[in-house]
Every structure is written in structure tokens, then in C-alpha cells.
Amino acid sequence: MKLMPIGVVVVVLAIFGLVWLNIDISQKQQQQNTAVMSKHVVELSDSNPTFDHWGKNFPQYLDMYLTVEKDTPRYTEFGGNYAYSKLIRYPQLTLLWAGYPFSIDANEERGHFWIQVDQMDTARNNKDFLNAHGFAKFGGQPTACMNCHSGWSPYLYKVVSKGDWVAFNSAKYWTMIKQVPAVEGIEPNSEQHSGPHGGKRMGVTCADCHNPSDMGLRLTRQAAINALVQRGYKPSAEYGIDAPVAEMRTLVCSQCHVEYYFRPTGTKVKTIGESIANDPTKKWWDGTQKTYDEFDSWRDGNEPTEIEVAGIELVFPWTEWKKGQPFRIEMFDDYYDKVRDIFPSDWVHKETKAPMLKIQHPESELFSGGVHAANGVACADCHMPYIRKGAFKMTQHNVTSPLQDINAACKACHARQSEEFLKQQIFDIQKSIAFDLRNAEYAIVSLITDIKTLRGKLGELPAYQTDGKADDAKVSKALTNVLELHRKSSVRADFVGAENSTGFHNPREASRMLLQAVRMAKEGQAELLAIAAAHGIHDFKISQLGFEDMQKLNPGEIVYKKDMDGHKAGERYYPHKEINSAPPSQLLELDKNNAPYNYEVIDSTKPIGAKPISSK
């Protein structure tokens, strides 16, 4: 009997060795297949990063990548590439993000091919539209936003901004996009030049992740390189950083699937501007002088100029997250607290006046502490699994949800488990985290509602007035601890909501964050009660809001509120019906029954996997 533990260890080591050998052989075989399948039709370089150009040498990979362009969009329980409105599905977001542009436009993502199209089309990139919808201080998106959305970003950074990182980030988005060159015989400023195939609306490309000289994996985004070097990686002139292929299969995704912010440099920088700023006939919707043209081509005599602006740079808040460590949400707390003197917030909440942080797609951070990362699984293993094309074994380049092909994405490791079993396991994990997330969001909305109420009551007291009117600064000082609880609880809920796996990448850490979020929101409400009592406000009560209360916040599809740019008030903003529409009814039913948990409905619901929108 004493030999039993030794035997178990031997078996485990043998299985691990076989899995490692299989992965190693697969990677080497795929590299060999890539070499065999490639055609030396054109020279590859960073001067032409378009996927149509590179695809001439790798036609089968290009065909896979372009599948999403014409395929019917598919949705999963908590994701997919059907661009319905997240604000209609989760109306609580309109209040959680109140005062920030995401509160009026946030759709489900469509994937890498569409990423630049969607960035340029979003209402969040339309200064006039946002100004007309109550965002008068909005100055327009900077080029820093373009880093992850356009395969032209490295070229524009090196050629147009001459390698000046701050100058590149600090230019206006619409100004920089006008500098995308016309290649492959495309006519400048033509429909093709403005399109997604090599033009200004081109999204992610082969060149973003592959070195043109040997097709080896590389990092091309400077913010990612900077952050990884700070964490302990060595820089590489050829590949961005020096890391083994197994790590690079995750790190190339970490160029964009991360939390980030725009760090003010505290200095002025000279960057590209537009002569339209000197044309008194060009006005914004509110009558103020235009400083750039919200169009992707130079027109009406508008020309590039040089201007001086306050410098910003795209930064990943990773200095507290050391190499080899799993990420913890407290690392963000520590980082953002340390830089608060130069970066106090992304925005100030419209209702509570709390200095807020908006978390963006932090898949890399959450994944780092999960069971898959601990076992050496890379992003590409699940999202770009090996598939068969005739006699060749290739990585799937139509980067999408693993639910679209569980056999390829999961069963390489989970061979003994059926597809239905695996689908159910994913659904069970995600609906559990969704339960936690909805409860956290409802608790924070309740806190926001109560802060707003007590702010109003405190503002009626002479001690919190100036010249007979409520003084926001005085009220905020009295609520300092509560506003901090609002900020940090929101960070945690927003982290899991913005991280696109609904916790699957690391359910234990996601659940831990959300439990913290609920606790912080409840602590905030308790402190509000104490403050009210101390001021003799006895009619103040705390809220306990739920699903039905959230539905009252449903904004509907985005429409113009004012006549502008040839559009009439009430007209739908997005011309394509499938974008910004209501989500499928079964998803709303799922959310209704998930929190509070209606086990009679939820436990009898079968996972849908990846379902095309045309299916009933």
C-alpha cells in the first residue's frame, strides 16, 4: 500500500510528459507546415502591414481570418461577435458609468477584423454627437486609442510621429488616421482607402504579431513592450521582448487585451494638427471652433499642421504586478493610488462626484492566475487552436470564442470529456460569475442612488452651502470614505464585466473581486446611514435594487437628440440594424433568472454554445 502514492506520482508525471510532448510536437509541426504552405509571392515589410498583402504569401491563413467578415454573427450566453447593445442588456451600466461616454454607447465586440471599423463608427468617437448628448467637455479621442485598433499604428508611430511616443499618442485620432497611406494601387481617399481591407478602417493584421523576416511571434505595441520590460522582461529589437515561443503565444495577445490608461506627461509636445482650427467657418455643433475634422480624409482645403498640446502616453498599470506572479486586483489599487497626483481619475461620476476609473478588457491580468495559465496553456491554444486543412495542421486564425469549436479548442487536453459536458462546464462557471457580477452591479447602483439622495439632503444644510447654495466640494469632503468605496467597488465589478470571459479565465479570482465589490458597496451604504444620523437626517433609507429596477434604466438604441450633420433628431445613430440592437430575448431571460438565482429555470437551461443570430 505504501507504493500507491509513488505510483500515482509516476502516472501524473507520465501524463504531464505526454501532454508537453504533444504540445511541443504540434508547435514544431505547425511551424514546418507554415513553411511548406507559404508562398513567396511578395516581399513582406512593415511599410505595408496590410493583411491582404501578407496574405498573398499565406492565402489559407488569410481565408481563415476573413471568415468573420461575411459569416453570420454568433452569440453565446455571455459573449460572441453579435454587436448588440450591452446597455440594453445591462441597463445598470448607464448609471455605473454616468458621466462617461461609455454610458451612451457600448456594444458587444465583433472581433479583430472589425475592431477599427467599430472604433471609428462608435458614438464615443463623435465629438459633436457627444456634445449634443451632454458631454460638453469631451475633446475627442486621442491617437492613444488607436494603438490597439489599427494595424497601421506601428507605421504611423514610426513614420508620421518619427518615433516620438508621446507625440503619437497626443495627436487627435481623426487627425492621425488621415495619414494612413494608400497602398497596393488603392486610390487615395477612395472608398477602398477608407475601408477595412488595407485602408484606414483596417483592424488587426498579420504584421501586428509576426516578424516579416521569419514570421516569428513579436510584440509591435510600444506600451506593451514598456510594461513588460518594467515587469522584468528583456527588450528585443527584432521581437519586441525576449521570451520563449510558449510565452509569446500569450504575450502577443497582451498587447491589447489589458487594462490601460492615458498618463499625462506633465509636458507640452509638438504633434500633427489640422489647419481647420484656423478656419472660422468650421464650427462644432455647439458653435465653438472646430480643431479637427471628424472625417478620415483631408477635405475642403484642410491640411496637416504642427501644434503644441499637453502630452499623454498609453501606459499599462503593471508596476505592482511582477513577472511570474498571478495578478491581484489590489495591485491596481496600489498602482492608481501612487499615481493619483498626476492621474486622479478617468472621469468624475455624474451622480456621486466620485473620482472614477474605467477598466478596459483586462484578460491578460485575470488569465495570469487561472488554472490554464498555471498549466502552461496559452491564449492561442484555445482561441487559435490547431485545426486540419487537408494534410496540414494549422492554427485557426479566425480568432473567436472557443465555444465555436470546442472539439479543436478544448479536447486537445480534455479528450475524455464530451463536447456537451465541456459546454455545460463553461456555462456553469460563467453563470456563477454572472450571478456574482449582477449582484455586485445591483449593490453599486443602490449605493450610487443612496449617495445621490444623501448629497441632496446634505446640500440643504447651511454647513454644506456656499452663498446659500449646495457646495459639492464640501459635501464630497464629508463623503470622502464613501466615494472611495464607490470607486473601488466599481473597479472590481467593471474589471469582471470588461474582462470578456465572464470570469472563465480565472473564476476564483473573479468571484473574490466581486465579493469584495458587494462588501464595499454595503459598507458604503452603512457609512451613509451613520453620516445621515450624525446630521439629524432621519428620513434617509438605503436602497436594495434588483433586476426590475435596472430595466427602468434601459436607454434603448442610440438616436440623435438634435438635428446635426444631416441627421434628424430621433434618427437611429447606427445605419446597420445588427449593431446596437436589443440582445436576443433568451439572453435577457437568462439575466432575469440568474440574479436572484431561479434554480428551477437556470438549472434546467441547456447551454446554447455559439448561436447564429438568424436562429430562433
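Residues are numbered from 1 along each chain as its sequence is written, and side-chain values use heavy atoms, with hydrogens and water left out. Because the model is predicted, local features need pLDDT of at least 70 and side-chain atom pairs count only at pLDDT 80 or more, while totals for chains, interfaces and linings use all residues.

Take helix H19 (residues 419-458) and helix H22 (residues 507-534) to start with: their axes are 9 Å apart and meet at an angle of about 20°. The axes are lines fitted to C-alpha atoms over the stretch in contact, and angles run from 0 to 180 degrees between N-to-C directions. H19 and H22 are therefore roughly parallel; angles under 35 degrees get that label, those over 145 are roughly antiparallel, 65 to 115 roughly perpendicular, and the rest oblique. The crossing of H19 past H22 is left-handed, that is, the near helix is turned anticlockwise from the far one by less than a right angle. As for what sits in the contact of H19 with H22, its residues split into 19 nonpolar, five polar and three charged. In that tally, Ala, Val, Leu, Ile, Met, Phe, Trp, Tyr, Cys and Pro are nonpolar, Asp, Glu, Lys and Arg are charged, and the others, Gly among them, are polar.

On to the strands, which pair if DSSP finds at least two bridges between them. An open sheet of three strands runs in the order S2-S1-S13, with antiparallel pairing. Strand S2 (79-80) and strand S13 (611-612) sit at the edges with a single partner strand each, so one side of each has no neighbour in the sheet. Strand S1 (residues 74-76) is joined to S13 by two bridges, and Arg74 stands opposite Pro612. Elsewhere, strand S9 (residues 386-389) and strand S10 (residues 392-395) pair antiparallel over four bridges, with Tyr386 partnered by Thr395 in S10. S9 and S10 make a hairpin with two residues between them, and Gly390 in the turn has a positive phi of about 65°.

Ala595 and Pro596 are joined by a cis peptide bond, with omega about 5°; Pro596 belongs to the loop between helix H24 (585-594) and helix H25 (599-602). Positive phi in a residue other than glycine shows up at Glu184, near 55°, in the loop between helix H11 (173-177) and helix H12 (222-231). Glu184 is partly exposed at 41% relative accessible area. Asp565 also has a positive phi, near 50°, in the loop between helix H23 (547-551) and H24, and counts as exposed at 53%. For these labels, buried means under 20% relative accessible area, exposed over 50%, and partly exposed in between (1.4 Å probe, protein chains only).

Finally, the cysteines. With a disulfide taken as a pair of cysteine sulfur atoms within 2.5 Å, the count is zero. The sulfur of Cys253 is 4.2 Å from its closest cysteine sulfur, in Cys379, which is too far for a bond; Cys253 is partly exposed at 22%. Cys410 is in no disulfide either, the nearest cysteine sulfur being that of Cys382, 6.3 Å away, and Cys410 is buried at 15%.
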